[in-house]
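These are my notebook entries on a two-chain model, set down in the order in which I looked things up.

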Amino acid sequence: MQILSEVFAWLPDVQLAHFLILSAILFTLGLYGIVTRRNAILVLMGLELVLNAANLNLIAFARYGGLNLDGQVAAIFVIILAAAEAAIALAIILNIFQRFQTINVDEVSSLKE
Amino acid sequence: MDTFDIVFYAFAAITVLSAFVVVFSRNIMYAAFSLLFTFCGVAGLYVLLQADFLAVTQILIYVGGILVLMLFGVMLTNKVVSVDIKTGTLHTIPAMILAAIVLGSLAAVFYATWSKTPDPATATTSTTKAIGELLMTNFVLPFEVASVILLAALVGAAFMARRTRKP
């Protein structure tokens with residue numbers, strides 16, 4: 001541990017902004033995944049990354065920003081909704097697969113024609 | 001630079017690297033399994049933030065529930081005979097511009113408040129009891145609404161995912 005802390009001494013000490021910037025990176029990666037992926041399940045995975053980033057923000061503010069336990073309870077509700085959303089979305093994706101034999105989001109466009 | 005910082009940077013590295021694999025891997029199975037490391041890394045960060053109940057919930061629900069559901073989805077929606085579980089990408093250039101703008105503005109906002117970050121609240125012991133009390137007092141209406149939503153989602157998902165039988 002002593003050697004590690006000497007090697008990485010140039011890194012700044014961790015405070016609130018570190019958690020916020022980490023969650024910003026996660027949010028951006030999730031957004032990129034949602035926009036670019038063709039496979040609907042991978043779009044869902046990007047959505048989960050975005051929800052995790054939001055949760056990380058809530059809990060970081062619960063620790064540092066004086067939200068205290070209210071932030072953690074809000075994060076619990078986010079997790080509950082994420083579970084419900086994943087179940088519904090996968091049911092919809094299974095139906096789309098039965099109907100179109102594909103789950104690429106750009107090929108499911110029969111409403112356009 | 002103490003142990004807290006080292007552990008934070010380790011978990012942050014795990015989370016971000018595996019999130020990169022989730023977003024950029026061309027193989028769906030690789031993406032699904034690296035999502036596992038992302039969730040575990042975020043759970044570790046929750047522990048660092050003294051949210052022990054949240055960390056266990058994250059492991060139980062995300063890793064035990066949502067990720068398994070997604071793996072089922074991957075298995076059920078790819079033809080078994082074909083080994084083609086690769087996937088393509090759409091309009092990457094506008095997405096990169098969008099992501100860069102979002103990340104840049106968020107990081108700018110956070111960097112502007114860098115020096116104003118407050119000290120952490122005093123260390124607490126286990127949060128489980130306090131969260132349970134909050135759920136039964138201040139948050140009892142959202143709690144009940146969430147239970148109804150879960151029931152509706154359960155019934156709806158089971159109804160939609162059922163194979164329609166030909167009459």
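Predicted model: local features only at pLDDT ≥ 70, side-chain atom pairs only at ≥ 80, totals over all residues.

I began with α2(B) and computed its span: the helix has 21 residues and reaches 31 Å from its first C-alpha to its last. I then looked at what comes after the helix: α2(B) is followed by B:Q50, whose phi is positive, near 60°.

I made the corresponding check on α3(A). This helix has 25 residues and reaches 36 Å from its first C-alpha to its last, close to the 36 Å expected at 1.5 Å a residue. Just after α3(A), I noted a positive phi of about 85° at A:G66. I also looked up burial and found α3(A) mostly covered, with 20 of its 25 residues buried.

Next I turned to the contact between the chains. The contact takes 68 residues from chain A and 70 residues from chain B. On the chain B side, I listed the elements that give two or more residues: α1 (3–24), α2 (28–48), α3 (52–76), α4 (92–112), α5 (128–136) and α6 (140–161). The largest share of that side, 13 residues, comes from α1(B).

I then asked which residues touch the most other members of the largest nonpolar core. That core has 67 residues, and the ones in question are A:L26, A:I41, A:M45, A:L56, A:I59 and B:Y46. The elements giving two or more residues to the core are α2 (16–36), α3 (40–64) and α4 (69–100) of chain A, together with α1, α2 and α3 of chain B. I recorded α3(A) as giving the most to this core, with 14 residues. Domain 1 (1–84) and domain 2 (126–167) of chain B both give residues to the core, so the core lies between them.

I followed A:M45 individually. Leaving out residues up to four places away in sequence, A:M45 touches A:G33 together with B:V22, B:A31, B:L35 and B:M70.

My last entry concerns the division of chain B into domain 1 (1–84) and domain 2 (126–167). I computed the separation of their C-alpha centres, which lie 23 Å apart.

How values were computed. Residues numbered from 1 in each chain as written. Chains lettered and ligands numbered in written order. Contact = placed C-beta atoms within 7 Å. Helix = DSSP H or I, 4+ residues; strand = E, 2+ residues; numbered from the N terminus. Core = buried A, V, L, I, M, F, W, Y, C linked by C-beta atoms within 7 Å. Buried ≥ 20, exposed ≤ 12 C-beta atoms within 10 Å, placed from the backbone. Domains from an automatic or database assignment. Expected span 1.5 Å × (residues − 1).
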